[in-house]
Amino acid sequence: MIEFHAPPGDAPRLALSPLHRAALLTLHHLTEVGPIGLTPNRAMKRYFVTWAAEAFNWPFYTADDLYAVNKVLNEHDFQPLAILHDLLLTAKLCRHRKGSLHITRLGKDLLEHPGSLWLTLAQHLLLSAGQDDMLEIEWVSVLHAVNVEAQSGVTDAQFCARLIGSNVEDAYMKSLVYMNVLRPLCWLGLLHETRQSRTERLLTKTVLWPLVLTFEGGPPLPMVTKH
């Protein structure tokens, strides 16, 4: 059995999660500036996407990274923002009304309880990530595997091979495992990603991991100290 815990709201380790940071910034923007305008397709308008690209400073999706391949930014050009938008709606932290995105009462409440906000985001992100038709994700088994394999660092190819027995040269399956398993854990701040090359990533557990996860059936693995 695995238990998820809400980290203390003032835990500095929460800063390891780009998703949590982006959600806080967006909810604060909604309360301090007002509703965010939506396009006819219900995407966030370009002015907010431009602001978010700078403010979020999302690893591998910084403003410089995004503008290197886009002259202007729409929501679909900034994938983390598009996913955050969906999460805020499915978690009922925001709602669409009269052509704008509005914060809900729950959103305002969780804005005052950052640890509970992180837990809510984690639950909804992992649930949505587990819905890929081509990859059946059983999160209890997956998290147990990550707990062991990422202790001292594992590449995405190695983890894919150990998780599903796929050949490391199977680029499609490697991509599925990264997008649906490893990347969500990175976005939550549970794994740290280092890109060793264009095609290989090294994943290690962060100090947030033992703070929010409890594994029954044995003592937790010690964190690896990097010098």
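Colleague: Which residues in α1 meet which residues in α2?

Modeller: In this predicted model, R21, A22, L25, T26 and H29 of α1 meet F48, W51, A55 and F56 of α2. Contact here requires heavy atoms within 4.5 Å. By type, the residues of this contact divide into six nonpolar, two polar and one charged.

Colleague: Why are α1 and α2 called oblique to each other?

Modeller: The two helices pack at an angle of about 135 degrees, with their axes 10 Å apart. Angles of 65 to 115 degrees count as roughly perpendicular and those over 145 as roughly antiparallel, and the rest, once those under 35 are also set aside, count as oblique. The angle of about 135 degrees falls in that remaining group, and α1 and α2 are therefore oblique. Their crossing is right-handed.

Colleague: How is the packing of α1 with α6 described?

Modeller: Two packed helices are described by the angle between their axes and the distance between the axes. The axes of α1 (residues 18-32) and α6 (residues 114-129) come within 10 Å and cross at roughly 115 degrees. The crossing of α1 past α6 is right-handed.

Colleague: Which residues make the contact of α1 with α6?

Modeller: From α1 come L19, H20, A23, L24 and L27, and from α6 come P114, L117, W118, L121 and L125. These residues divide into nine nonpolar, one polar and no charged.

Colleague: What makes up the largest nonpolar core?

Modeller: The largest nonpolar core has 68 residues. Those with the most contacts inside the core are L19, F78, L81, W118, W139, L190 and L191. Two of these names, L19 and W118, also belong to the contact of α1 with α6. Helix α9 (residues 171-187) contributes the largest share of the core, nine residues.

Colleague: Which residues does F78 touch?

Modeller: Leaving out residues up to four places away in sequence, F78 touches V49, A52, A53, F56, W58, Y61 and L66. Among them, F56 also takes part in the contact of α2 with α1.

Colleague: How do you know whether I103 is buried or exposed?

Modeller: The relative accessible area of I103 is 12%. Buried means under 20%, so I103 is buried. I103 lies in strand β4 (residues 100-103).

Colleague: Which residues does I103 touch?

Modeller: Not counting residues up to four places away in sequence, I103 touches L27, L30, T31, L93, C94, R95 and K108. One of these, L30, is 73 residues apart from I103 along the chain, yet their C-alpha atoms are separated by 6.2 Å.

Colleague: Why is V207 called partly exposed?

Modeller: The relative accessibility of V207 is 41%. Buried means under 20% and exposed over 50%, with partly exposed in between; V207 therefore counts as partly exposed. V207 is placed in the loop between β7 (201-205) and α10 (209-212). From V207 to Q158 the C-alpha distance is 22 Å, and the two are 49 residues apart in sequence.

Colleague: How do you know how accessible F60 is?

Modeller: The relative accessible area of F60 is 35%. That value lies between the 20% and 50% limits, so F60 is partly exposed.

Definitions and conventions:
Residues are numbered from 1 along each chain as its sequence is written. This is a predicted model: local features need pLDDT of at least 70, side-chain atom pairs count only at pLDDT 80 or more; totals for chains, interfaces and linings use all residues. Side-chain values use heavy atoms; hydrogens and water are left out. Axes are lines fitted to C-alpha atoms, for helices over the stretch in contact, and angles run from 0 to 180 degrees between N-to-C directions. Helices (H or I, at least four residues) and strands (E, at least two) are DSSP runs, numbered from the N terminus. A crossing is left-handed if the near helix is turned anticlockwise from the far one by less than a right angle, and right-handed if clockwise. Ala, Val, Leu, Ile, Met, Phe, Trp, Tyr, Cys and Pro count as nonpolar, Asp, Glu, Lys and Arg as charged, and the others, Gly among them, as polar. A nonpolar core is a set of buried Ala, Val, Leu, Ile, Met, Phe, Trp, Tyr and Cys residues joined through side-chain atoms within 4.5 Å. Buried means under 20% relative accessible area, exposed over 50%, partly exposed in between (1.4 Å probe, protein chains only).
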